[in-house]
Amino acid sequence: NFRGALFDLDGVLVDTAKYHYLAWKQLAEQWGFEFTESDNERLKGVSRMRSLDIVLEIGGIRLTEDEKLRKADEKNEQYLQYIRQMDESELLPGAREYLLRLRESGVKIALGSASKNATFILEKVGIAELFDAVVDGTKVSKAKPDPEVFEAGCRELGLLPGECVVFEDAEAGVQAAIAAGMYVVGIGSPAILGRANRVIGGLYELVG
Ligand code: B16
Ligand code: MG
């Protein structure tokens, strides 16, 4: 029986990966190469700047640090065009129901995401008020698999790592949660998330 639950955002509560994909694809088109959905898998759970490096590597493109910052901004502007259109219908199945159920049983809830747009997204899909703490890409300096984001979330809830459960869809996120000393529920494929304590297809399995 856990006293705190920490949630990753993209891939656990919403599917923003499809919008990240469209935004990166537009940049790749400018540079004249194709960025595929399978390439996009490599960006899940990865920070914006690290994602840019991966996209540049795929296209064999070299940029200066200044150009990289400009392109990352440009990508984010494109991404925000999609995010601004989001509403409750984009919550993944079971997400709201499960969060409500946790709150009813007195479990504290935190977000642990790499995204700098996390608060805005929570507001757009109408679940911001269900969180006791939000730790996102604006608050941490070390990316997953470093445990910093989950350690900070747990601390903000006033709990110990052993009292928290983490929900993650990315391998690096599962590693981060293990490194933080927390119980991890992987969301997705057991082949990729095998190190998690338990793997499920989605939060809907927990509310059924
Ligand atoms: P932003 P998560 C991650 O979200 C995404 O999976 C990853 O593809 C993205 O690059 C990263 O957020 C940063 O997002 O550009 O909005 O700061 O899975 O950690 O919730
Ligand atoms: Mg994720």
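A word on conventions. Residues are numbered from 1 along each chain as its sequence is written, while chains are lettered from A and ligands numbered from 1 in the order in which they are written. Since the model is predicted, local features need pLDDT of at least 70 and side-chain atom pairs count only at pLDDT 80 or more, whereas totals for chains, interfaces and linings use all residues.

Let me start with the ligand. Ligand 1 is surrounded by 20 residues, and the closest are Leu 9, Asp 10, Ser 113, Ala 114 and Lys 116. A residue belongs to these surroundings if its C-beta atom, placed from the backbone, lies within 6 Å of the molecule. In this shell there are five nonpolar, 10 polar and five charged residues. Here Ala, Val, Leu, Ile, Met, Phe, Trp, Tyr, Cys and Pro count as nonpolar, Asp, Glu, Lys and Arg as charged, and the others, Gly among them, as polar.

Which residues does the "active site" annotation cover? The unreviewed UniProt entry gives Asp 8 and Asp 10; its positions follow the numbering used here, feature names are shortened, and annotations may be inferred rather than shown by experiment. Asp 8 lies in the loop between strand E1 (4-7) and helix H1 (17-31), and Asp 10 is found in the loop between E1 and H1. Helices (H or I, at least four residues) and strands (E, at least two) are DSSP runs, numbered from the N terminus.

Are these two residues buried or exposed? Asp 8 counts as buried because it has 28 C-beta neighbours inside 10 Å, and Asp 10 counts as buried because it has 24. The cut-offs are 20 or more other C-beta atoms within 10 Å for buried, 12 or fewer for exposed, and partly exposed in between, with C-beta atoms placed from the backbone. Leaving aside neighbours within four places in sequence, Asp 8 is in contact with residues including Ser 113, Phe 167 and Asp 169. With the sequence neighbours again set aside, the contacts of Asp 10 are Thr 16, Ala 17, Lys 44, Ser 113 and Ser 115. Contact requires C-beta atoms, placed from the backbone, within 7 Å.

I turn now to a pair of helices. The axes of H3 (residues 48-59) and H4 (residues 65-83) come within 10 Å and cross at roughly 105 degrees. Therefore H3 is roughly perpendicular to H4, a label that covers 65 to 115 degrees, with under 35 roughly parallel, over 145 roughly antiparallel and the rest oblique. Axes are lines fitted to C-alpha atoms, for helices over the stretch in contact, and angles run from 0 to 180 degrees between N-to-C directions. From H3, Arg 48, Met 49 and Leu 52 meet Lys 68, Lys 71, Ala 72, Lys 75 and Asn 76 of H4. The residues of this contact comprise three nonpolar, one polar and four charged.

Finally, helix H7. In the loop between strand E3 (133-135) and helix H7 (148-156) sits Pro 145, and the peptide bond from Lys 144 to Pro 145 is cis, with omega near 15 degrees. Within H7, the buried residues are Val 149, Phe 150, Glu 151, Gly 153 and Cys 154. Their cover includes E1, strand E2 (108-112), E3, strand E4 (164-168) and H8. Just after H7, Gly 158 takes a positive phi of about 75 degrees.

Conventions:
Two residues are in contact if their C-beta atoms, placed from the backbone, lie within 7 Å.
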